[in-house]
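Here are my notes on the model you sent over. Have it open while you go through the points.

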Amino acid sequence: MHSFLDLDRVLGTVPAPVVMALRDVDRGQGSEGLYLNQVPDLLTELAHRARVASITASSALEGVVVENRHRAAAIIANRRIELRTRSEQEFAGYRAALDYLFADDWRPLNVGLLLHLHRLLFAETPGSGGRFKEGDNLVVDRSPDGVQTVRFKPVPAARTDDYVAYLIDSYAQAIRAERHHPVLVVGLFVLDLLVIHPFDDGNGRVARVLTNALLSEAGYGVGRFVSLEELIAESADEYYQALLDSTHDWHEHANDPWPWLTYFSALLARGYSRFAEGVAADRSGATKSERVRAHVLKHSGPVFAISDIRAALPGISDPTIRLVLHELKDEGLLKPQGTGRSAVWLRVTT
């Protein structure tokens, strides 16, 4: 909210590193349309990989980890299984929220959408999601010896509804005005939403899953093909530090948004760079068998079914997939488990 009170002042002078990152982002965006026309099957494969990585990475950032790889793969694939633990329930929730936004019919951005995403995130857990916090909360760090340090103080619960509504309206107006780079506007929205901290739990996951959708709506769809959540997990210390540095004095309208916006724009530039690398690597003239082999060894989950490969590699027949899987089994790199429809393959760790 506060970032949008005087947007022209906040974004008046863009630091040189951010200008350079946005240049790379815009160059990367220009390639999206070409790739969609030239290599649609490849983009389907990249999107499958990104979805798996996003569900896993964003959940792990909040300590939500499904240790059983077979069960994690089943949850990601939305197979019907009994969810046994809180982590499995929240893991399934992030999958549901991500898939809802990637279905492309989530618009418009409004308070109801935020509540719906939160409801999906906690749909499988005891209690109920889909409502704003009822009591004031604090964001704290816990040291190994148990000492807590306040990271920042969110907006009071009594004012959350008003702050969220104002933030959404201000964001929509800023996007329509087209006075500032949309990536910076999206970044400010995410920053303010995290400072408002409207939920008792799940604020980071709601913000991250919504980031993909807002960027895509603004014309920057790389989050469909490269997991931005995975890139955040790879730079988690920088991510949290940038947010912390940009929340100081937020309530006094005197915070500095540029530590966060510098990180955010660089993150997106890195996403486009990885996107280009992925396209280049997979357009190297590999045979269908080589593509299956590369996917299984580099990109598939540790436990997967033939149907997962079929979805990730459209245009490659089941006999070709099975041939490669049996070759990898003979090489000691895979082993089968189960029979019939429940059969899966496990990567052998060395």
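1. Helix 6 (residues 111-121) and helix 9 have axes that come within 10 Å of each other and cross at roughly 115°. The axes are lines fitted to C-alpha atoms over the stretch in contact, with angles running from 0 to 180 degrees between N-to-C directions. The crossing is right-handed, meaning that the near helix is turned clockwise from the far one by less than a right angle. Helices here are DSSP runs (H or I, at least four residues), numbered from the N terminus.

2. Who touches whom? On the helix 6 side the contact uses L113, L114, L117, H118 and L121, and helix 9 brings R205, V206, V209 and L210; contact means heavy atoms within 4.5 Å. By class that gives seven nonpolar, one polar and one charged residues. Ala, Val, Leu, Ile, Met, Phe, Trp, Tyr, Cys and Pro count as nonpolar, Asp, Glu, Lys and Arg as charged, and the others, Gly among them, as polar.

3. A caution before going on: this is a predicted model, where local features need pLDDT of at least 70 and side-chain atom pairs count only at pLDDT 80 or more, while totals for chains, interfaces and linings use all residues. Residues are numbered from 1 along each chain as its sequence is written, and side-chain values use heavy atoms, with hydrogens and water left out.

4. A search of the whole structure turns up one cavity of 30 Å³ or more, and the largest cavity holds about 90 Å³ of space. A cavity is a set of points on a 1 Å grid over the protein atoms alone where a 1.4 Å probe fits but cannot get out; lining residues have an atom within 4 Å of a point. Points are joined across faces, edges and corners, and the volume is the space filled by probe spheres set on them.

5. Which helices supply at least two residues each of that lining? They are helix 8 (182-196), helix 9 (203-217), helix 10 (228-234) and helix 12 (258-282). The lining includes V190, R208, E229, W260 and F264, and by class has eight nonpolar, two polar and two charged residues.

6. Two backbone spots to check: a cis peptide bond joins R107 and P108, with omega about 5°, and P108 sits in the loop between helix 5 (86-102) and helix 6. N78 is not a glycine, yet has a positive phi of about 60°; N78 lies in the loop between helix 4 (69-76) and helix 5.

Terms used:
1 Å grid on protein atoms, 1.4 Å probe; cavity = no way out; pocket = protein on both sides within 12 Å on 5 of 7 lines; lining within 4 Å.
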